[in-house]
Amino acid sequence: MIQPENKKHYAIIGAGVAGLTAAYRLLQQGCQVTIFERSPFVGGQLATTTVGGAPIEHYYHHTFTSDEDMLQLCAELGITDKILWLPTTMGYFSQNKLYPFGTPKSILTFKPLNMVAKAAFVISTLWITFLMKPEYAEKNTVKDWFVRHGFGRVWDIIWKPLFQLKFAADADKISLIWLWGKLHTRGTSRSGSKEVLAYMKGSFGALAVALSAKIDALGGDVRLGTSLQKIEKQGDSFVITTDKGECVVDAVISTQAANQILASYDWSSEMRTYLEGLTYKSAICVMVVSDRAWFDRYWINIGDDSLPFGGIVEHTNFMSPAEYGGKHVMYLSRYLDDDDPFFALSDQAIVDAFSDALSRVLPIFDRTKVQDIRVFRQKNAQPVVPQGYIPPTMTTEVPGFYWISTHHTYPFDRGINYAIRLANRLVSDLSKV
Ligand SMILES: Cc1cc2nc3c(=O)[nH]c(=O)nc-3n(C[C@H](O)[C@H](O)[C@H](O)COP(=O)(O)OP(=O)(O)OC[C@H]3O[C@@H](n4cnc5c(N)ncnc54)[C@H](O)[C@@H]3O)c2cc1C
């Protein structure tokens, strides 16, 4: 428990799942909390829209059986009954053909890899998932490790196109620890040869809403539509300046992206240099709403970097379309640099490019059968983890100023579970002071 003399007034910057969880935990310990969120809603990257009257995320989301921090929090919030465990199916588009993927049988029928390369794919996947030590993984780039161990064809056909679509020009620099984290989480979310993932009835936005309700009930002050401008230290206090006025607090927890926290405070030149080195890719997700299904599987990786998107996620092949009044929802997703001209294209230009390319994957795709297409853009969506990466700490150079973000989830990739874990750990650490 936080000692009575440490029951401070905390400012939390950001009402994403990390900020909301931190606020909930601090309030449980008797602290005072004020959250500043520039959006008019809670949830951050769990933002939702509606289809057929039901909420659904702007960006595809699912969680894993191993996501214990999330499951524990849902149990505490009394929303475990909203979690649905659903079987999933995968596909892989390579060399102009869509193949089933992700099961032992599908690997055998995957033509772009010959028998030797198929064996290499299986061995390398099992090696990374179950045998590799994280300390070893972080010393290698994904590309170098595959090539050096004779898995070059697996890199070329399977991973290279995916890394290019996820990390653009940084694809060759990504640390093997990133893939280790991904495969490790995914490999432990299986039941036999079948993958099972979780979705939340009413969307993962319901988690943010449930947290927000608890924060209200515990007397937290959530200021939506309030944009932080700067934070200054004055004696033992912090002055929080927003577009709606000032607030003085004892301590700060920021959940902003590195480039945002950089602009929030007058950091030392060493800290500025470090923050400038933490980079992200932005995401574009195009949501396609139709009266019919287009594919027979949930998740399709695109192993072809001539296509403008890297993933097709047909959400209603996972969650039933009945949830959305019978409508079918498919996301087309792409990651890219903020300054990539594609990110700044008009919604119409993005829809045109994605629709044309979709016809290459699915020749029967007919845009006239689509009822609605929505374009969502997220900056700072995917932290870049190059080899040699030094993850940030939750404490900063300024006593009383704490930071948790998607860059802190290392060695795991960003995700709801890890945002919750970070917030839990931070408040637990604060209670030991
Ligand atoms: C395309 C996509 C797909 C994803 N899929 C999955 C998935 O399948 N499974 C999974 O577990 N995770 C997934 N994630 C990741 C997951 O959504 C995030 O890891 C998680 O939501 C991050 O929460 P957070 O609170 O750390 O950050 P955020 O949600 O980014 O919250 C930070 C908040 O800070 C606010 N803020 C920033 N600057 C200011 C300011 N100056 N003033 C006030 N407020 C400010 C922002 O508005 C934001 O609300 C996905 C993310 C994306 C983009």
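This report walks through a predicted model of a protein chain with a ligand.

## Ground rules

Residues are numbered from 1 along each chain as its sequence is written. Because the model is predicted, local features need pLDDT of at least 70 and side-chain atom pairs count only at pLDDT 80 or more, while totals for chains, interfaces and linings use all residues.

Helices (H or I, at least four residues) and strands (E, at least two) are DSSP runs, numbered from the N terminus. Two strands pair if DSSP finds at least two bridges between them.

## Domains

The domain assignment gives domain 1 (4–61 + 203–278 + 386–432), domain 2 (99–194) and domain 3 (280–383). These bounds come from an automatic or database domain assignment. The C-alpha centres of domain 1 and domain 3 lie 29 Å apart.

Domain 1 puts 15 residues in contact with 19 residues of domain 3. Contact here means C-beta atoms, placed from the backbone, within 7 Å. On the domain 1 side, β3 (48–51) and β4 (54–57) are the elements that give two or more residues. That side has six nonpolar, eight polar and one charged residues. For these classes, Ala, Val, Leu, Ile, Met, Phe, Trp, Tyr, Cys and Pro are nonpolar, Asp, Glu, Lys and Arg are charged, and the others, Gly among them, are polar.

## Around the ligand

There are 36 residues around the ligand. A residue is near a molecule or strand if its C-beta atom, placed from the backbone, lies within 6 Å of it. Gly14, Gly16, Gly44, Tyr59 and Gly415 come nearest to the ligand. By class, the shell has 14 nonpolar, 19 polar and three charged residues.

Four elements each supply at least two shell residues: α1 (17–28), β16 (280–290), β20 (370–383) and α13 (416–432). Where does the ligand lie relative to domain 1 and domain 3? Both domains give residues to the shell, so the ligand lies between them.

## The seven-stranded sheet

Seven strands form an open sheet with mixed pairing, in the order β8-β7-β17-β18-β19-β16-β20. β8 (97–101) and β20 are the edge strands, and each pairs on one side only. From one strand to the next, the twist averages 20°.

Within this sheet, β17 (residues 299–302) and β18 (residues 311–314) run antiparallel and are joined by three bridges. Ile300 stands opposite Ile312 in β18. Helix α7 (residues 152–167) lies across β7 (90–94), β16, β17, β19 (328–336) and β20. It runs at about 85° to β19. Axes are lines fitted to C-alpha atoms, for helices over the stretch in contact, and angles run from 0 to 180 degrees between N-to-C directions.

## The five-stranded sheet

A second open sheet has five strands in the order β11-β2-β1-β15-β21, with parallel pairing. β11 (221–223) and β21 stand at the edges with a single partner strand each, so one side of each is left without a neighbour in the sheet. Neighbouring strands are turned by 15° against each other on average, direction ignored.

Three bridges join β2 (residues 32–36) to β11, and the two run parallel. Ile35 has Val222 of β11 as its bridge partner.

## A helix pair

Two packed helices are described by the angle between their axes and the distance between the axes. The axes of α1 and α13 come within 8 Å and cross at roughly 35°. The crossing is right-handed: left-handed means the near helix is turned anticlockwise from the far one by less than a right angle, right-handed means clockwise.

From α1, the contact uses Val17, Ala18, Thr21, Ala22, Arg25 and Leu26. From α13, residues including Ile416, Ala419, Ile420 and Ala423 take part. The contact residues divide into 11 nonpolar, two polar and one charged.

Strands β12 (residues 228–234) and β13 (residues 237–242) run antiparallel, joined by six bridges. Gln234 stands opposite Ser237 in β13. The two strands form a hairpin with two residues between them. In the turn, Gly235 has a positive phi of about 65°.

Most residues other than glycine have a negative phi, and most peptide bonds are trans. Gln95 is not a glycine, yet has a positive phi of about 50°. Gln95 sits in the loop between β7 and β8. The peptide bond from Tyr410 to Pro411 is cis, with omega near 10°. Pro411 is found in the loop between β21 (401–403) and α13.

Notes:
Contact = placed C-beta atoms within 7 Å.
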